[in-house]
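Please find below my note on this model. It is arranged as numbered points, to be read with the coordinates open.

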Amino acid sequence: SRVKTLNSIAAEYIEKNPDKANEAAQQAMKLALRLNFKSGIATSYSNLGNTAKTKSDFETALDYLQKALSLNEALQNKKAISTSYNDLGNLYWTQGKMQEALKYNLKAYDLKLALGDERGLALVCNSIGGIHSDQGEYAEALTYYLKSLKLLEKIKLKTKLPIIYNNIGNIYRYQFNYPQALNYFFKSLAIAKEIGNRKSEANSY
């Protein structure tokens with residue numbers, strides 16, 4: 001449907017071009033409201049919230065993401081609820097509210113695990129690893145990063161591998177295990193080159 005197409009465009013541009021993402025999400029919202037397409041409205045709220053987060057408008061982001069969660073709960077859409085938890089957790093993480101960030105990401109982890117959503121679980125494990133890393137809890141961070149890596153390799157999601165290799169490399173670097181750190185940085189670089197991901201390639205140097 002047109003609503004889904006607009007929301008897909010919005011999701012694609014959240015990081016790259018938040019203004020374009022916001023425009024597509026607003027159009028999706030208008031159309032979803034007119035059609036009373038509830039799950040489309042919820043997705044539009046999520047996209048608007050994540051776009052506001054990218055633009056550092058945290059108050060607006062929280063409002064939209066909480067609306068998305070409430071609507072997904074009303075629709076009893078467990079996969080979407082788990083994504084809303086992850087979105088809220090990552091918003092709190094961006095704001096440095098670590099306890100809230102961990103709470104919501106762990107709720108997302110439990111639900112995605114129960115649903116067997118391996119792709120979603122891999123991304124949540126990466127978030128949880130990042131939250132622990134930012135607090136200097138490197139052993140916990142490594143546990144979740146390695147879980148994420150195992151899942152990404154299992155489902156062959158190559159585009160996310162440079163990020164997770166880089167994150168694992170950083171943990172080993174923080175722990176002064178430089179040979180292992182270099183090993184993972186080179187892995188990140190090799191995969192980034194293979195898939196033509198210039199941004200990840202730059203991060204590996």
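The points below cover the basis of the note, the cores, the aromatic pairs, the lysine contacts and one threonine.

1. Basis. The model is predicted: local features need pLDDT of at least 70 and side-chain atom pairs count only at pLDDT 80 or more, while totals for chains, interfaces and linings use all residues. Residues are numbered from 1 along each chain as its sequence is written, and side-chain values use heavy atoms, with hydrogens and water left out.

2. Cores. A nonpolar core is here a set of buried Ala, Val, Leu, Ile, Met, Phe, Trp, Tyr and Cys residues joined through side-chain atoms within 4.5 Å; buried means under 20% relative accessible area (1.4 Å probe, protein chains only). The largest such core holds 40 residues, and Tyr85, Tyr109, Leu149, Leu161, Ile164 and Ile168 have the most contacts inside it. Two or more residues each come from H4, H5, H6, H7 (118–134), H8 (138–154), H9 (161–174) and H10 (178–195); helices are DSSP runs (H or I, at least four residues) numbered from the N terminus. A second, separate core has 16 residues, among them Ala10, Ala24, Ala42 and Tyr45.

3. Aromatic pairs. There are 8 in the structure. Rings of Phe, Tyr and Trp (its six-membered ring) pair if their centres lie within 6.5 Å; planes under 30 degrees apart count as stacked, over 60 as edge-to-face and the rest as tilted. Tyrosine 45 and tyrosine 64 form a tilted pair, at 6.1 Å centre to centre and 35 degrees between planes. Tyrosine 45 is in helix H3 and tyrosine 64 in helix H4 (residues 58–74), so this pair ties together parts 19 residues apart in sequence.

4. The ring centres of tyrosine 92 and tyrosine 104 are 5.7 Å apart with planes at 25 degrees, so the pair is stacked. This pair links helix H5 (residues 78–94) with helix H6 (residues 98–115), its members being 12 residues apart. Tyrosine 92 is buried at 10% relative accessibility, as is tyrosine 104 at 14%. Ring pairs join Tyr85, Tyr92 and Tyr104 into a cluster.

5. Lysines over rings. The criterion is NZ of Lys or CZ of Arg within 6 Å of the ring centre and within 35 degrees of the ring normal. Lysine 147 lies over tyrosine 144 at 4.8 Å from the ring centre, and lysine 187 over tyrosine 184 at 4.9 Å.

6. Threonine 51. This residue of helix H3 (residues 38–54) is buried, with a relative accessible area of 0%. Threonine 51 touches Ile14, Pro18, Ala21 and Asn22, not counting residues up to four places away in sequence (contact: heavy atoms within 4.5 Å).

Terms used. Buried means under 20% relative accessible area, exposed over 50%, partly exposed in between (1.4 Å probe, protein chains only).
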